[in-house]
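Biologist: I would appreciate a close look at one part of this model, with the terms and cut-offs stated as you use them. Please carry the account through in one connected answer.

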Amino acid sequence: MSRLDPRKLETFRVVAQTRKISAAAKLLHLSQPAVTAQIRALEEECGRALLLRSSKGVTPTDWGLRLLEAAKQVHEVLGAVETEFQGETAVGEEVVIGASMTTAAYVVPPLVAGFRAIHGRVPFRVQVSNTARVLEWVAEGRVPLGIVEGRQRSPRVHLERYLEDELVAVAASAARDLCGISRAADLAKVPLLLREPGSNTRAVVEEALTGVLGSRLVRRSELLFGSNQSMKMAAVAGLGVAFVSRWSVQLEVAAGTLRVLPLRDLRIVRAFSWATASRNLSGAAGRFEAWARRNPPARP
């Protein structure tokens, strides 16, 4: 076997971690055909299949998992060398981020932990609000970097897609009356837990439900909550069905207190995006963003 090309190895790492060619292409700033061609060339060089393809994406084979571990090590070594040449974040140089509610709770913490594990005890300040407010902070220069959810836009802010998110319907595992829900139409028969009026999450959910059920069949809930956390815990308490980020219910699903309802005819997808005042971000926040792009957390 010839010596592996580090560029193809890096492409494979991003594909294997994101589990989707399309997502990897966006992170790598390559076309999907280019990413596919690199993966196929790498498989030919290795003499074996590295990924299993399906309609839902790709998953590493046993050999792919072994190569992924090696690719991660190469990535970390090259990242450390790059940092040495570009200038390490100075001790005391604070990384300031504005984060929307869901990203602040479930995406930013593991990124900060991973960055500090490699770069040392870099100080961070994470300011949390809704997406609209974070975009205002970035536009006004109050924070150099934001990470937001939803579809809101600002003419003064550059947004770039980072991670895929899915709003899933969840209910208490112990709620037997909710066990039979498998289609969107079934939701008309049970209490829905929704965010307050004006919430981006609520708008996305209502738009999706209207598209499937029609506006007449979309029920107005009597149970409204001012945060995703309170809505999630209301679902745990058995009050009804809640639509929340898949990222936010990993622990509850693993513990068995919540279960994701298998709605065959409804899938609500959105994205987490980086927000900056310009395309080229420098300084401590710029170094963190560049590292985070190369090291996206594993999707739940």
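Biologist: Where is the place of arginine 19?

Modeller: The model is predicted, so local features need pLDDT of at least 70 and side-chain atom pairs count only at pLDDT 80 or more, whereas totals for chains, interfaces and linings use all residues. Residues are numbered from 1 along each chain as its sequence is written, and side-chain values use heavy atoms, leaving out hydrogens and water.

Arginine 19 sits in the loop between α1 (6–18) and α2; helices (H or I, at least four residues) and strands (E, at least two) are DSSP runs numbered from the N terminus. Although arginine 19 is not a glycine, its phi is positive, at about 70 degrees. Arginine 19 counts as partly exposed because its relative accessibility is 33% (buried is under 20%, exposed over 50%, partly exposed in between, with a 1.4 Å probe and protein chains only).

From α2, Ile21, Ser22, Ala25 and Leu28 meet Gln32, Val35 and Thr36 of α3, contact being heavy atoms within 4.5 Å. Sorted by class, this contact of α2 with α3 has four nonpolar, three polar and no charged residues (Ala, Val, Leu, Ile, Met, Phe, Trp, Tyr, Cys and Pro are nonpolar; Asp, Glu, Lys and Arg charged; the others, Gly among them, polar).

For comparison of residue classes, consider the largest pocket. Its lining has 13 nonpolar, two polar and eight charged residues. A pocket is an open set of points on a 1 Å grid over the protein atoms alone, where a 1.4 Å probe fits, with protein on both sides within 12 Å along at least five of seven lines; lining residues have an atom within 4 Å of a point. Of the 23 lining residues, Glu166, Val168, Arg246, Arg267 and Arg299 lie nearest the centre of the largest pocket. The elements giving two or more residues to this lining are β6 (158–172) and α10 (250–255), and β6 supplies the largest share, six residues.
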